[in-house]
Amino acid sequence: MSFSLATRWCDAPLMRRVLQFKGYRRKIQSCNNMTYTLFRHRWMKRLPVFSSGLKMASTQTDTIDLSKFPVDRIRNFCIIAHIDHGKSTLADRLLEMTGAIVKTQKNKQVLDKLQVERERGITVKAQTASLIYSHQGQQYLLNLIDTPGHVDFSYEVSRSISACQGVLLIVDANQGIQAQTVANFYLAFEAQLAIIPVINKIDLKNADPERVASQIEKVFDIPCNECIRISAKLGTNVEAVLQAVVDRIPPPVASIDDPFKALVFDSNFDHYRGVVANIAVFGGRVRKGDRIVSAYLGKSYEVNELGILRPDEHPTQKLFAGQVGYMVTGMKDVKEAQIGDTLYLKEQPVETLPGFKPAKAMVFAGMFPTDQSDYPGLRSAIERLTLNDSSVTVQRDSSMALGAGWRLGFLGLLHMEVFNQRLEQEYNASVIVTAPTVPYKAVLSSPRLIKEHGSKEITIVNPAQFPDRSVVSEYLEPMVLGTILSPDSYTGKIMSLCLNRRGIQKNMVYIDDKRVMMKYLFPLNEIVVDFYDLLKSLSSGYASFDYENAGYQAADLIKMNILLNGQPVEELITIVHRGRAYSAGKAMCERLQDSIPRQMFEIAVQASIGSKVIARETIKAYRKNVLAKCYGGDITRKMKLLKKQAEGKKKMRLIGNVEVPKDAFINVLKRKDK
Amino acid sequence: MFVYGTYRRISDPFCNNSLTNSLIRVIKHLDMHHNYILNRKSPSSSLPLLQWPYCLRRCSYCNFNKYISREDNDHIMTECIQRETETLLRLSQVSCITSVFFGGGTPSLAHPSTIAAVLQTVSRWARLSDKAEVTLEVNPTPVGKSKLEDYCRAGVNRFSIGVQSLQDEDLKILGRDHSSHQALQTVEEARRLCPGRVSVDVMFGRPKQSVESWENELSELLRVCDDHVSLYQLTLERGTRLFKQVLGGEVTVPAEDVTAEMYRCARRTLQQRGFLQYEVSNFARHKAASHHNTSYWKGRQYIGVGPGAHGRFVPLGEGGVHREARTQTLEPDVWIREVRQRGHGTRRRIQLGHLELLEEVLVMGLRMTDGINHEHWEMFSPHLGLREVFGTSREVQELLQSGQLILDDRGLRCSWDGLVLLDSMLPALLVELERQIGPSLQRDHHTDGSPH
């Protein structure tokens with residue numbers, strides 16, 4: 001197994017998801033009070049470790065001689081698990097046991113640095129920690145690359161995995177295999193990594209490691225006896241995990257004698273030092289002061305600083321083949337630090353590594369500043385966030401109702417939520433997010449249009465650009481293969497929910513005597529809004545769900561217009577499946593009816609397809625709207641109220657003669673409150 | 001309490017103009033009748049301005065500035081009201097008072113000698129004509145009724161009686177302390193004392209009320225009432241007991257469409273019985289319209305005396321030339337302290353600019369069925385007539401075409417159907433007014449600086 005895995009990774013399905021996070025919000029730990037203010041100084045934030053952070057670390061230069069670790073004493077691995085199965089807790093124990101951090105009660109999810117990560121109990125941004133572990137008299141350098149558990153972030157996962165040769169697959173001894181466990185397993189399996197199953201939480205009262213081990217054997221075909229049974233919380237048997245990492249995971253294939261060659265697998269932006277790139281060294285060595293070249297840009301840079309992450313930055317003089325670390329080169333613009341880029345020494349060009357295919361956005365949503373004067377602030381916040389998350393696609397958008405904004409593409413719903421939350425928490429930005437949509441495709445039939453677009457098949461992100469049926473031979477919608485794991489008592493309810501969402505059952509197996517695993521083919525559009533919430537509530541929280549991309553399929557799609565007194569509202573054009581048009585139209589009309597105030601005339605709120613009206617609600621005219629009494633003392637208050645209404649009137653969007661407040665658009669367009 | 005009076009020197013509608021301009025107009029309008037008003041309010045009015053801040057109990061729907069008195073402090077209140085009346089009359093330099101209104105709280109809790117003392121103070125500092133309208137709000141309780149005659153002797157010549165409802169059960173829900181029988185008796189006594197000068201307040205949109213029961217109730221009331229009726233829709237005010245009850249589902253109030261129907265029926269019935277509507281909630285026959293209240297809607301100046309009272313006047317006494325919106329301190333105890341210390345309890349003074357004044361003239365004027373006539377508007381806006389301000393707006397044109405608004409040789413007013421929807425039309429009119437007046441202010445300013 002070698003670093004060439006990167007190639008394979010690009011082909012692995014990136015788009016999967018589990019929305020397991022909701023039930024597991026966590027109280028923020030004490031040190032989290034500082035999260036917001038310290039965000040821009042991520043290396044300083046972690047208190048228990050090197051308490052004075054970078055400065056102190058840089059003074060104790062090179063206490064570690066990395067040359068002592070030839071390739072065969074290096075192991076690169078990551079931990080993958082379903083949410084809350086204990087991945088980050090195990091990471092904490094591994095860090096403690098190898099002396100990377102001081103052992104204290106406070107070490108809780110040390111690698112989860114972002115506020116959103118701690119609040120939701122998930123990992124969003126992959127982190128790296130180099131551990132020094134003594135085994136049978138030998139010192140080993142174990143590079144733990146902590147990955148986002150959620151498969152919305154499988155782009156992050158796959159980047160991390162590209163630097164690994166093995167994975168620890170954690171399964172909760174109580175909950176057993178969950179949807180995300182399955183997804184994660186296949187991700188690692190397809191990458192041909194060594195997989196070490198770890199059954200965690202054996203200290204729990206209801207733990208049943210035997211049952212879980214047999215589930216693992218049945219579903220993943222890994223013999224029962226290969227499972228390591230631990231309690232990460234108590235530290236029970238964690239030593240065995242470290243031993244297994246050394247024994248069962250192969251060392252990276254890389255030679256120190258080759259010319260220097262490194263893969264940029266992640267990058268962060270630091271306000272003082274510029275771009276901090278996370279690199280995996282595939283060959284040779286690099287030292288401080290070397291001049292290196294980015295294969296992507298052809299530009300050369302000087303290595304200002306480099307080191308390993310333990311998990312804080314620990315500067316060293318050199319990095320050697322097989323090692324993983326960070327590098328500061330004076331890149332000032334994150335666009336320079338292309339993830340997947342190959343770095344090599346000036347004068348010693350190498351064949352570039354395969355890199356990564358850009359992640360494909362599958363969920364799109366409009367994002368607009370609540371107040372248009374916040375536009376520049378929001379723009380720079382989005383720019384900064386996308387620096388660290390290149391998987392978000394950004395397109396400028398503008399809406400007559402909501403003003404100037406963006407249409408952002410995300411890998412999945414959780415990805416979108418986390419992005420929003422980070423915008424709000426880290427940049428204090430207040431945004432309106434519209435209901436998510438998925439990218440449809442149309443196969444054009446008109447030669448003129450084909451010529452115009454340069455291809456027969458076009459992708460439609462904005463519903464207003466949906467081409468007419470007459471110039472299209474076929475519409476296509478994105479599909480996903482969903483995996484649902486649940487106790488069998490909920491099977492009936494789940495099946496009817498799936499059916500209702502145009503799901504087609506592909507498979508159903510019992511993974512033990514009580515739990516069932518179902519596979520369904522869904523249109524992505526059907527699960528993108530509230531499917532997971534419904535699934536969770538009808539199964540009392542026991543069902544888990546995950547999905548992966550399954551290409552496009554022909555679908556009977558139509559464009560639905562919303563009319564106010566016969567005038568179409570451009571912002572509200574929606575693409576729907578014909579079979580769902582009525583219910584979608586009715587729901588939109590109802591929401592509009594509730595949010596447009598009565599006016600002096602009756603307002604017809606209609607949903608139409610072509611010229612055919614499929615749903616209608618009526619906003620009745622005011623029959624009386626005058627304050628009963630108005631004498632001396634009432635005047636001030638009355639005037640204030642009227643002035644406010646007059647001001648509001650200036651901000652109304654006029655559709656025909658109907659005044660529509662911005663709030664009405666927000667109510668209809670935004671995601672429903674959970 | 002309110003007083004109408006004749007102006008001495010400056011007519012405030014022109015305060016915003018350059019000195020030369022205003023002097024000319026002062027001369028031109030010196031002979032015009034301008035009015036001053038002293039404090040007033042009605043029992044179900046929604047902003048606190050009152051003469052007598054005390055009530056025996058709290059009505060469930062009332063968010064007014066009122067206090068349940070713990071001790072007898074009549075003489076202190078009397079002293080302070082006299083003192084503040086004196087201060088504000090001097091400040092306004094009003095010369096002749098044409099109306100006084102005693103509002104509440106429950107002013108009929110005040111001793112008749114208090115009313116007499118206050119009226120004496122008024123006449124000491126300004127001319128109080130024999131014909132001046134002096135109104136007192138009355139709670140129709142046996143105690144209130146028994147004092148009516150003494151109030152008349154003290155100088156009151158018009159009563160406004162808070163009947164509210166003729167259903168005893170409803171009066172209980174509303175938290176009123178009288179019965180319908182007592183109300184009818186009070187009305188009868190008041191009519192005996194001041195024939196043709198008694199008004200009744202009645203409320204619709206009450207919990208559980210139906211259109212039919214409202215029609216019956218109104219007919220019953222019209223059999224016994226005098227020549228003036230004020231019609232109020234119950235409004236749920238935040239913070240009141242009733243508001244909480246409705247929010248909590250204990251009590252339901254009629255839906256919007258039902259109250260609209262109640263209002264429609266009432267207007268029709270009153271018209272059939274010879275009561276002319278002269279304002280959104282006021283109806284009179286035999287020309288019994290309240291002189292005092294009409295002054296508000298015509299944008300005249302008034303002085304408010306008492307805790308929480310509001311006033312609008314130019315403080316000529318200290319050299320002021322702009323009309324001010326003034327509010328007196330709310331809490332009676334604090335107000336008393338302030339009046340004793342500095343002669344008045346004015347808490348807030350806001351100067352009204354040209355646009356703000358016109359906005360009030362527009363909003364208040366359109367509440368009257370007669371609307372705003374051209375001469376009246378010109379007093380406040382000599383440069384821009386009604387047609388110039390509103391004639392070009394597309395939205396106003398639509399309102400005119402739909403027949404809800406009328407702009408003709410008389411002036412600007414709502415049609416019979418349009419009056420019901422006034423609050424939907426006002427924002428559009430205000431937007432237009434601001435658009436037209438905004439730049440003209442600049443022009444005025446410019447002429448101001450030009451040498452001539």
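How many of the 674 residues in chain A are buried? Buried residues make up 61% of that chain, where buried means under 20% relative accessible area, exposed means over 50%, and partly exposed is in between, using a 1.4 Å probe on protein chains only.

Before I go on, some housekeeping. This is a predicted model, where local features need pLDDT of at least 70 and side-chain atom pairs count only at pLDDT 80 or more, while totals for chains, interfaces and linings use all residues. Residues are numbered from 1 along each chain as its sequence is written, chains are lettered from A and ligands numbered from 1 in the order in which they are written, and side-chain values use heavy atoms, with hydrogens and water left out.

Okay, chain A. Its secondary structure comes to 19 helices and 34 strands; those are DSSP runs, H or I of at least four residues for helices and E of at least two for strands, numbered from the N terminus. Take the contacts in chain A with a separation of 6 or more: 72% of them are between residues 24 or more positions apart. By contact I mean heavy atoms within 4.5 Å.

Have a look at helix 19 of chain A, residues 662-669. Its buried residues are Ala664(A), Phe665(A), Ile666(A), Val668(A) and Leu669(A). What do they pack against? Strand 21 (431-433), helix 17 (581-595), strand 33 (653-655) and strand 34 (658-660), which belong to chain A too.

Now, where the chains meet. Chain A puts 30 residues into the contact and chain B puts in 54. Together they bury about 3800 Å², with 56% of that on carbon and sulfur atoms; buried area is the accessible area (1.4 Å probe) that two parts lose on being put together, summed over both. Met600(A), Arg623(A) and Tyr631(A) supply 21% of the area that chain A buries against chain B, more than any other three residues.

There are 10 salt bridges between chain A and chain B. For us, a salt bridge is a side-chain nitrogen of Lys or Arg within 4 Å of a carboxyl oxygen of Asp or Glu. One pairs Glu237(B) with Arg637(A), with the closest N and O atoms 3.3 Å apart. Helix 18 of chain A, residues 635-650, gives the most to the side of chain A that touches chain B, with 12 residues. By class, that side has 12 nonpolar, five polar and 13 charged residues. In that tally Ala, Val, Leu, Ile, Met, Phe, Trp, Tyr, Cys and Pro are nonpolar, Asp, Glu, Lys and Arg are charged, and the others, Gly among them, are polar.

Let's stay with helix 18. Lys643(A) forms a salt bridge with Glu434(B), at 3.9 Å between the closest N and O atoms. Lys643(A) is in helix 18 of chain A and Glu434(B) is in helix 17 of chain B, so this pair joins two chains. Lys643(A) is partly exposed at 24% relative accessible area, and Glu434(B) is partly exposed at 27%.

Then there's a salt bridge between Lys650(A) and Glu647(A), 3.0 Å from N to O. Those two are three residues apart in helix 18 of chain A, so about one helical turn separates them. In general, an α-helix has 3.6 residues a turn, so residues three or four places apart point the same way. Shared partners link Lys643(A), Glu647(A), Lys650(A), Glu359(B) and Glu434(B) into one salt-bridge network.

On to the inside. A nonpolar core here is a set of buried Ala, Val, Leu, Ile, Met, Phe, Trp, Tyr and Cys residues joined through side-chain atoms within 4.5 Å. The largest has 105 residues, and among those touching the most other members are Trp377(B), Phe390(B) and Leu433(B). Helix 17 of chain B, residues 422-449, gives the most to this core, with eight residues. Leaving aside neighbours within four places in sequence, Leu433(B) is in contact with residues including Leu355(B), Leu362(B), Trp377(B) and Phe390(B). A second, separate core of 55 residues includes Ile460(A), Val472(A), Tyr490(A) and Ile527(A).

Last stop: Asn139(B), in the loop between strand 4 (127-138) and helix 4 (142-154) of chain B. Is Asn139(B) buried or exposed? Asn139(B) is buried, at 14% relative accessible area. Its side chain makes a polar contact of 2.7 Å with that of Arg176(B), and another of 3.4 Å with that of Asp177(B). A polar contact is a pair of N or O atoms within 3.5 Å; within protein, one must be able to donate a hydrogen and the other to accept it, and residues adjacent in sequence count only if both atoms are side-chain atoms.
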